[in-house]
Structure formats: structure tokens, C-alpha cells
Amino acid sequence: MMDIEFVRSRFIKHFDGKTGRVYTSPGRINLIGEHTDYNGGFVFPGAVDKGIMAEMRANGTEDTVMAYSIDLKDRVDFKLSDPAGPKASWARYIYGIALEMRKLGAPVKGFNIAFAGDVPLGAGMSSSAAMESCFACGLNDIFGDNKISMWDMVLAGQATEHNYCGVNCGIMDQFASVFGKAGCLMRLDCRSREFEYFPFKPDGYRLVLLNSKVKHELAGSPYNDRRNSCENVVKAIAKKHPEGTFETLRDCTWEQLEEVRAEVGEEDYSRAHFVLGEKDRVLAVCDALLEGDYETVGQKMYETHYGLSKEYEVSCEELDYLNDLAKENGVTGSRIMGGGFGGCTINLVRADLYQKFIADAKAKFAAKYGHEPEVIDVVIGDGSRRLC
Ligand code: GLA
């Protein structure tokens with residue numbers, strides 16, 4: 001984790017010398033269940049030991065925010081009453097979450113904030129959700145008497161993405177960042193919002209991310225197009241079956257998807273085909289985990305990679321290559337993690353194969369693309385909290 005004193009020293013230096021309160025929120029991994037959250041399906045994320053840390057303090061003004069990004073060495077001041085908000089994309093997370101927290105009833109006024117992160121940006125580990133939940137946690141504590149519930153903070157983070165950052169994301173990332181628990185993955189039903197903690201200590205295996213360093217940027221990416229494809233299919237099925245209720249692909253069967261295939265076209269069909277398969281795979285992985293059957297878990301991860309690459313089309317050459325390298329090295333399971341279009345693969349690898357796999361993947365990837373992938377060992381950490 002980052003050093004509190006490091007963040008504090010910058011907070012003191014860039015504002016009026018006073019200290020505030022310090023909060024942190026993690027990024028996340030996801031074992032399986034990709035692009036299922038906005039389709040009402042299941043996801044299987046966990047928080048990591050890396051994230052965002054922010055020092056915050058009310059500054060006595062009605063609505064002036066003074067914000068400093070320690071990593072970017074960039075200072076932006078803005079007013080919450082300015083309808084356009086700040087231009088800098090990092091500052092829009094602060095502006096957006098503050099307004100969303102106000103909507104929920106927290107009387108947010110002007111504040112100072114300095115923050116830094118150690119979760120790699122654009123790696124598909126949800127650095128943006130880590131920001132939203134960290135800032136939400138701080139605003140709830142400083143202005144809201146901690147009356148805003150954890151779920152409402154999750155939704156405020158998601159609304160920030162939708163309303164101020166242009167990404168029509170689901171709830172997985174913000175959920176994992178707020179609710180994370182050390183040592184546990186969480187199985188979340190994104191429709192009912194029920195979830196369970198699953199202690200995750202795979203004996204004899206390790207979870208490791210390989211970051212391709214191809215920047216994953218969801219804003220303005222075809223992420224929103226994928227979501228639209230899924231919604232088109234649901235609409236077509238609902239039209240054919242006026243007797244039923246079809247809100248998301250969660251409500252649709254394989255047969256119903258086949259019925260509308262010609263009508264929706266091959267592209268939308270393939271997208272929905274992936275999502276229905278993924279819904280089944282998450283449940284199969286839960287069963288396998290309960291039995292300690294990591295071979296099945298791994299096989300499902302490979303199936304997910306195939307679907308994300310060939311049906312959902314959110315992979316890229318570098319990620320497909322990392323997946324091939326995992327297969328060649330006998331890695332139990334490997335797949336793209338997160339929204340796609342770059343970022344990491346997540347790999348479930350037997351401890352005895354780990355060293356050889358990492359050395360081989362680094363050397364071969366570097367020979368092909370001119371840089372090594374970044375190796376990130378997964379440590380499942382806690383969710384959003386105040387540190388001091
Ligand atoms: C991004 C989004 C999530 C989810 C994943 C894909 O991380 O923010 O809501 O849709 O992509 O599973």
C-alpha cells in the first residue's frame with residue numbers, strides 16, 4: 001500500500017499547511033464474469049492491495065474544490081455550481097462524485113483534496129472506480145455523517161461514470177472497491193445485488209496478472225457499443241414475446257436468442273451469445289471452486305478468453321498472445337480481465353510452473369513487442385476505508 005506520509009506531505013504543501021483525513025479504496029480483479037454486470041448476470045471480483053489514497057478536508061467555502069493530482073503534478077480548482085465542471089478527466093471524477101453524493105443527500109460543500117494511486121492506470125484494474133469510491137468514502141465521512149449506505153456509494157460511482165465520464169459501465173468495479181474484503185472473492189448477482197464472500201486460497205496455485213501495457217481506455221471506446229448490442233437483442237426478444245418480462249440478457253434463453261438471430265444480425269448475435277455463455281460459466285466456476293476443482297476453473301477462464309476475443313471482440317493482438325503463452329506453458333487458466341481493449345490477462349497458475357511461465361512470457365512478449373509485460377501478483381485486499 002502507499003505511504004500515508006507521502007500523500008500527507010503533498011496535501012500540506014499544496015494547500016494551507018493543515019492536515020485532513022485520509023481515505024483509501026482499492027482497484028479490483030475479476031476471476032470470471034466479464035460484461036455480465038450490465039446484463040443482469042453474475043460477476044466474481046475481489047479488491048486488490050493497490051488503489052487510490054486521498055487526503056481531504058472541508059475548506060470552509062460553499063462550493064469551491066481545490067484538487068491536486070500527486071501523480072500528474074496537476075492542480076485544478078473548480079466550483080461545484082459550474083454546470084460544465086472541470087475539463088481535466090481526473091478532476092471530473094471528483095466533480096461527478098461530489099454532485100452525485102449531493103443528490104443522495106450528503107450536504108457536500110467546498111473541500112481540498114490531494115490524491116495518488118498505485119493501481120496501474122489503464123490496466124483494466126479499475127483505477128477509476130477506486131477514485132470514485134475513495135472520494136465518495138471521504139465525502140460521506142466529512143459531510144454526510146456516514147449516512148450514505150455502501151450500496152448508494154457504489155451507485156454514485158457508477159452514476160459518475162455515466163453522467164460525467166461517458167462510460168455506461170455496470171456496477172462490478174465500484175462494488176468490488178467498496179465491499180472488498182482481504183482474502184475473499186465475492187460472487188455478486190448484479191440483478192438482485194445479493195452477494196457472498198468466497199474465501200480464496202487456492203492451495204498450490206497463484207493468481208498473477210500480466211499487463212500488456214496496451215492502454216485500456218473505456219471512455220469513447222466501443223464499450224458502450226457492446227452494451228447497445230446486448231440491449232438490441234433484449235428488445236428484439238421482448239418484441240417476439242410480449243407475454244414475458246425481458247429487462248436484460250439475464251432474462252433470455254439460448255432458444256430465444258436463436259429466434260432473433262436473423263433479425264438482429266451476426267454481430268449483435270455473437271455479443272449476446274458470449275454473454276449467455278458467460279452467465280453459465282460464472283456459476284460453473286462457483287461450483288468448481290467449492291469442490292477445489294481448479295482445473296475446471298481454469299478451463300472456464302480459457303473459454304471466457306475465447307469468447308471475449310472472438311465473439312465479444314474486446315481483445316487485442318497482445319492479449320491474445322499472452323493467452324497463447326499461458327497455454328503453451330501449461331497455465332491452468334488465463335483470460336483478458338476487465339472491459340478489454342488492452343490491459344491485463346489474469347492467470348491461474350500452478351505454483352511449480354510460476355517461475356518458468358513468467359520468465360518465458362516476459363522474454364517472448366518482449367521479443368515480439370519490444371517491452372516486457374508488467375507482472376502483478378494478486379493480493380486480495382480490503383475495500384474503501386478511512387485510514388486516519
Ligand atoms: C469495466 C466496467 C464494468 C464491467 C467490466 C467488464 O470494468 O466498468 O462495469 O462491465 O468492464 O466486465
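Asn140 in this predicted model touches Met101, Asp145, Asn146, Lys147, Ile148 and Met153, when residues up to four places away in sequence are not counted. Asn140 is found in helix α3, and it counts as buried because its relative accessibility is 3%, where the limit for burial is under 20%. The side chain of Asn140 also places a polar atom 3.0 Å from the backbone oxygen of Ile148.

**Ile142, also in helix α3**

- Ile142 lies in helix α3, and because its relative accessibility is 22%, it counts as partly exposed.
- Once its neighbours within four places in sequence are left aside, Ile142 is in contact with Arg21, Tyr23, Met56, Arg57 and Ala58.
- Between Ile142 and Ser81 there are 19 Å in space, taken from C-alpha to C-alpha, and the two are 61 residues apart in sequence.

**Helix α4 and its surroundings**

- Helix α4 runs over residues 150–165, which makes 16 residues, and the span of 21 Å from its first C-alpha to its last is close to the 22 Å expected at 1.5 Å a residue.
- The buried residues of α4 are Trp151, Met153, Val154, Ala156, Gly157, Gln158, Ala159, Thr160, Glu161, Tyr164 and Cys165, and of these Met153 is also touched by Asn140.
- The cover over the buried residues of α4 includes the helices α2 (89–103), α3 (127–142) and α5 (172–179), together with the strands β7 (184–189) and β8 (195–199).
- Gly166, which comes just after α4, takes a positive phi of about 80°.

**Nonpolar cores**

- The largest nonpolar core has 43 residues, and within this core the residues with the most contacts are Tyr223, Val233, Leu249, Tyr312, Val349 and Phe357.
- Two or more residues of this core are given by each of β9 (205–211), α6 (223–240), α8 (261–290), α9 (294–311), α10 (317–328) and α11 (354–369).
- Apart from this core lies another, of 36 residues, which includes Ile52, Met101, Met131 and Leu139; Met101, one of these, is also among the residues that Asn140 touches.
- Val349, one of the residues with the most contacts inside the largest core, touches Gly204, Tyr205, Arg206, Val208, Val331, Thr332, Tyr354 and Phe357, when residues up to four places away in sequence are not counted.

Key. Residues numbered from 1 in each chain as written. Predicted model: local features only at pLDDT ≥ 70, side-chain atom pairs only at ≥ 80, totals over all residues. Heavy atoms only, no water. Helix = DSSP H or I, 4+ residues; strand = E, 2+ residues; numbered from the N terminus. Expected span 1.5 Å × (residues − 1). Buried < 20%, exposed > 50% of the residue type's maximum accessible area, 1.4 Å probe, protein only. Contact = heavy atoms within 4.5 Å. Core = buried A, V, L, I, M, F, W, Y, C linked by side-chain atoms within 4.5 Å. Polar contact = N/O pair within 3.5 Å; in protein donor to acceptor, adjacent residues only side chain to side chain.
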